[in-house]
Amino acid sequence: MTIEQILQKMIGYEGHTTHDVAHLLKVWGYAHTIGLLEHLDERTLHTLEIAAIVHDIACPLCRIRYGNTNGKYQELESPALVRAFLSDCDLDASELERIVYLVSHHHTITDVQGLDYQILLEADFLVNADESSLSLENIRKMDEILFKTRTGKALLKSIYKF
């Protein structure tokens, strides 16, 4: 299945709100852009893009089960959902497991292993900072704590004008 087909499938995923769809499109766009500009190899970029598309797959379930979309709940619930969602997408086992790992850790900013993981964190934060109306002070702090890629840092500073 192509990235476009997976994206289309995710947009139609049951329980998604219009906010969820807009969020996933923005995160995917940033992840794709950062991945290209950081020169990820084709396979890693493919894995990253799929992870970005499905990164919040657990949100509808978490709203029902927990009454919110807390990141720790998303990380807990996402592995089974990701495996089921991607079961018909013709991914090899190692790529599927990497996607599951990335999605089930996308709110964990410690022990980041891999440029794909780093980029997913940065892409999600770029979107969340805007959607949550974070203060410039908090955004600057995350620049120091979270952002590592040249492209992610440049985007953050350009978007938030610091």
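Contact here means heavy atoms within 4.5 Å. In this predicted model, that criterion places His19, His23, Lys26, Val27, Tyr30, Ala31, Ile34 and Gly35 of α2 against Ile119, Leu120, Glu122, Ala123, Asp124, Leu126, Val127, Asn128 and Glu131 of α7. The largest nonpolar core comprises 42 residues, and α7 is its greatest contributor, with nine residues.

**Nonpolar core**

- Within the largest nonpolar core, the residues with the most contacts are Ile53, Val54, Val82, Leu86, Ile99 and Phe125.
- Two or more residues of this core come from each of α1 (3-11), α2 (18-37), α3 (42-54), α5 (71-85), α6 (93-103), α7 (115-131), α8 (136-145) and α9 (150-160).
- In soluble globular proteins, nonpolar side chains tend to be buried together.
- Leucine 86 is in contact with Ile6, Ile50, Leu91, Leu96 and Ile99, when residues up to four places away in sequence are set aside.

**Packing of α2 with α7**

- The axes of α2 and α7 lie 8 Å apart, and the helices pack at an angle of about 135°.
- This angle makes α2 oblique to α7, since roughly antiparallel would require a value over 145 degrees.
- The crossing in which α2 passes α7 is right-handed.
- Sorted by class, the contact of α2 with α7 contains nine nonpolar, four polar and four charged residues.

**Packing of α3 with α6**

- The axes of α3 and α6 approach within 9 Å and cross at roughly 45°.
- The two helices, α3 and α6, are therefore oblique to each other.
- The passage of α3 over α6 is a right-handed crossing.
- From α3, the contact draws on Arg43, His46, Thr47, Ile50, Ala51 and Val54; from α6, on Ser94, Glu95, Arg98, Ile99, Leu102 and Val103.
- Six nonpolar, three polar and three charged residues make up the contact of α3 with α6.

**Packing of α7 with α9**

- The axes of α7 and α9 come within 10 Å, with a crossing angle of roughly 10°.
- Because angles under 35 degrees count as roughly parallel, α7 and α9 are assigned to that class.
- Glu122, Phe125, Leu126, Ala129 and Asp130 of α7 meet Gly152, Leu155, Leu156, Ile159 and Tyr160 of α9.
- The class composition of the contact of α7 with α9 is seven nonpolar, one polar and two charged residues.

**Valine 103**

- Valine 103 belongs to helix α6.
- Its relative accessible area is 0%, so valine 103 is buried.
- Apart from residues up to four places away in sequence, valine 103 touches Ala51, Val54, His55, Glu75, Ser78 and Val82.
- Valine 103 and isoleucine 53 are 50 residues apart along the chain, and their C-alpha atoms are separated by 9.6 Å.

**Start of the chain**

- Methionine 1 is located in the segment before α1.
- With a relative accessible area of 34%, methionine 1 is partly exposed.
- A separation of 4.9 Å lies between the C-alpha atoms of methionine 1 and cysteine 89, which are 88 residues apart along the chain.
- Methionine 1 touches Ile6, Lys9, Asp88, Cys89 and Asp90, not counting residues up to four places away in sequence.
- Threonine 2 is likewise in the segment before α1, and this residue is partly exposed at a relative accessible area of 38%.
- The C-alpha atoms of threonine 2 and leucine 86 are 12 Å apart, while 84 residues separate these two along the chain.

**Positive phi in loops**

- Most residues other than glycine have a negative phi.
- Histidine 39, although not a glycine, has a positive phi of about 60°.
- Histidine 39 is placed in the loop between α2 and α3, where its relative accessibility of 68% makes it exposed.
- Aspartate 90 also has a positive phi, near 60°, in a residue other than glycine.
- The loop between α5 and α6 holds aspartate 90, and this residue counts as exposed at 74% relative accessibility.

Technical notes:
Residues numbered from 1 in each chain as written. Predicted model: local features only at pLDDT ≥ 70, side-chain atom pairs only at ≥ 80, totals over all residues. Heavy atoms only, no water. Core = buried A, V, L, I, M, F, W, Y, C linked by side-chain atoms within 4.5 Å. Buried < 20%, exposed > 50% of the residue type's maximum accessible area, 1.4 Å probe, protein only. Helix = DSSP H or I, 4+ residues; strand = E, 2+ residues; numbered from the N terminus. Axes fitted to C-alpha atoms, helices over the stretch in contact; angles between N-to-C directions. Parallel < 35°, antiparallel > 145°, perpendicular 65-115°, else oblique. Left-handed = near helix turned anticlockwise from the far one by under 90°. Nonpolar A, V, L, I, M, F, W, Y, C, P; charged D, E, K, R; others polar.
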